[in-house]
Amino acid sequence: MPSRLTRPQVLAVCALPVVALIAVAALAPLPFSVAQPGITANVLGENKGAQVITVSGAPVRSTNGQLRMTTIEATGPDARVSLGDVIDGWFAADRAVMPRDAVYPGGGSVQQIERHNAEEMRQSQDAAAQAALKYLGRAGDKNVKVSLKLADVGGPSAGLLFSLGIIDKIAGNGGGGDLTAGRTIAGTGTISADGTVGAVGGVSLKTRAARRDGATVFLVPRAECGDAKAELPRGLRLVPVTTLKGAVASLTALAKGDGPVPSC
C-alpha cells in the first residue's frame with residue numbers, strides 16, 4: 001500500500017510546475033520594448049556639425065534661445081526583453097514598457113524599420129516646411145528653399161519643432177523678437193502641411209529628456225496632456241497645442257508676458 005504524502009510534500013509537488021513556468025517566463029523573450037528618454041536637439045542650431053535648418057531665398061534672422069525636438073530610445077525590434085526587464089521597466093520612473101508592435105508597427109527587419117523611419121522623417125520635413133511657409137504667407141514663393149537635416153533621428157515626431165524653427169529663423173515673433181524669448185523650449189508633435197499637430201507617443205519620457213537638457217516649457221499635442229502630466233518633471237511648464245498657428249500664438253504670448261496661454 002503506497003504511503004500518503006504529507007501536506008508539505010503535496011505543496012512541494014504542486015509548486016514544482018509553477019516554479020518551472022515562472023522560470024521559463026523569466027527567461028523567455030517577450031513581445032515588448034523598453035524605452036527611456038533619448039536625445040534632444042536644438043533645431044535652431046547645429047547637430048553633429050551640420051546646421052539643422054538652412055533657408056535660402058529669404059533673409060534669415062539671428063536667433064537666441066533654443067527649440068529642442070525630443071526623442072525616446074527603445075530596445076531594438078530584435079532585442080531580447082525578459083520578464084525581469086519588463087518588471088524593472090514598470091517600476092522605473094525613467095523607463096517605460098511598451099508593446100513592441102506599438103514601437104515598431106508592421107514589424108520587419110532592423111533594416112526595413114530604419115528605412116521606414118527615414119522615410120517618415122523625410123515626409124515630416126517636407127510637411128514642416130510647407131506648413132511653416134504657408135503660415136508665413138510664402139507658400140507660393142518658389143525662391144524660398146528650406147533644407148532640414150537631423151542625423152540619426154527617424155520618424156515624424158519632430159515636425160512641429162521643425163516648423164517653429166523655420167518661422168523663428170525667417171520672421172521670429174513678428175515683432176522683431178524671438179519665438180523663444182531666449183528660453184529653452186522643447187516639444188514634440190507631428191505636423192501636416194495644413195499646420196495640424198498630431199500625437200506621437202512616449203511623451204512622459206520626452207518631458208524628462210527636455211528637462212534634463214534645460215527646457216522650461218514643453219509643447220505637447222493636446223491629446224497627450226494626460227500622459228504628459230502624469231509624471232511631469234519639476235520646473236517644466238506644459239503648453240498644449242493642436243495647430244501650428246496656436247503654437248506660435250502661445251509662444252508669442254509667453255515671450256511678451258501678456259495674453260492667455262493654454263495649459264493642460
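Visitor: In which strand is L148 found?

Guide: L148 belongs to strand β7, which covers residues 145-148. Please keep in mind that this is a predicted model.

Visitor: What makes L148 count as buried?

Guide: Its relative accessibility is 12%, and buried means under 20%, so L148 counts as buried. Beyond its neighbours within four places in sequence, L148 contacts V52, I53, Q125, A128, F162 and I166.

Visitor: Why is the disulfide of C225 and C264 called left-handed?

Guide: The torsion about its S-S bond is about -65°, so the disulfide is left-handed.

Visitor: Are C225 and C264 buried or partly exposed?

Guide: One of each. C225 has a relative accessible area of 9% and is buried, while C264, at 29%, counts as partly exposed.

Visitor: What is expected for the reach of α8, at 1.5 Å a residue?

Guide: The expected value is 18 Å, and the 13 residues of α8 reach 18 Å from the first C-alpha to the last, which is close to it. The buried residues of α8 include L244, A247, V248 and L251. After the helix comes G257, with a positive phi near 75°.

Visitor: Which residues have the most contacts inside the largest nonpolar core?

Guide: They are L160, F162 and L164, in a core of 43 residues. Among the elements that give two or more residues to this core are β5 (66-74), α4 (110-135), α5 (159-170) and α8. Setting aside neighbours within four places in sequence, L164 touches L67, L179, L219, L244, A247, V248 and L251. Another core, of ten residues, lies apart from it and includes A186, A210, C225 and A228.

Visitor: How do you know that R68 has no salt bridge?

Guide: The nearest side chain of opposite charge, D213, is 4.5 Å away, whereas a salt bridge needs nitrogen and oxygen within 4 Å. R68 is buried and sits in strand β5. Its contacts outside the sequence neighbourhood include T40, L161, T184, A186 and D213.

Visitor: What makes R122 and E119 a salt bridge?

Guide: Their closest N and O atoms are 2.6 Å apart, inside the 4 Å limit. R122 also forms a salt bridge with D126, at 2.9 Å. In helix α4, R122 and E119 are three residues apart, so about one helical turn separates them; R122 and D126 are four residues apart, again separated by about one helical turn. R122 counts as partly exposed at 39% relative accessibility, as do E119 at 32% and D126 at 37%.

Visitor: How far apart are the closest N and O atoms of R208 and E231?

Guide: They are 3.7 Å apart, which is within 4 Å, so R208 and E231 form a salt bridge. This pair links distant parts of the chain: R208 lies in helix α6 (residues 203-212) and E231 in the loop between α7 and β12, 23 residues apart. The count comes to eight salt bridges, and R61, D168 and D178 are linked in a network of them.

Visitor: What is the phi of K48, which is not a glycine?

Guide: K48 has a positive phi of about 55°. Most residues other than glycine have a negative phi. K48 is in the loop between β2 (46-47) and β3 (50-51). Its relative accessibility is 62%, and exposed means over 50%, so K48 counts as exposed. A181, in the loop between α5 and β8 (184-187), also has a positive phi of about 55°, but is partly exposed at 40%.

Definitions and conventions. Residues are numbered from 1 along each chain as its sequence is written. This is a predicted model: local features need pLDDT of at least 70, side-chain atom pairs count only at pLDDT 80 or more; totals for chains, interfaces and linings use all residues. Side-chain values use heavy atoms; hydrogens and water are left out. A disulfide is a pair of cysteine sulfur atoms within 2.5 Å. Buried means under 20% relative accessible area, exposed over 50%, partly exposed in between (1.4 Å probe, protein chains only). The expected span of a helix is 1.5 Å times one less than its number of residues. A nonpolar core is a set of buried Ala, Val, Leu, Ile, Met, Phe, Trp, Tyr and Cys residues joined through side-chain atoms within 4.5 Å. Contact means heavy atoms within 4.5 Å. Lys and Arg count as positive and Asp and Glu as negative; His and the chain ends are not counted.
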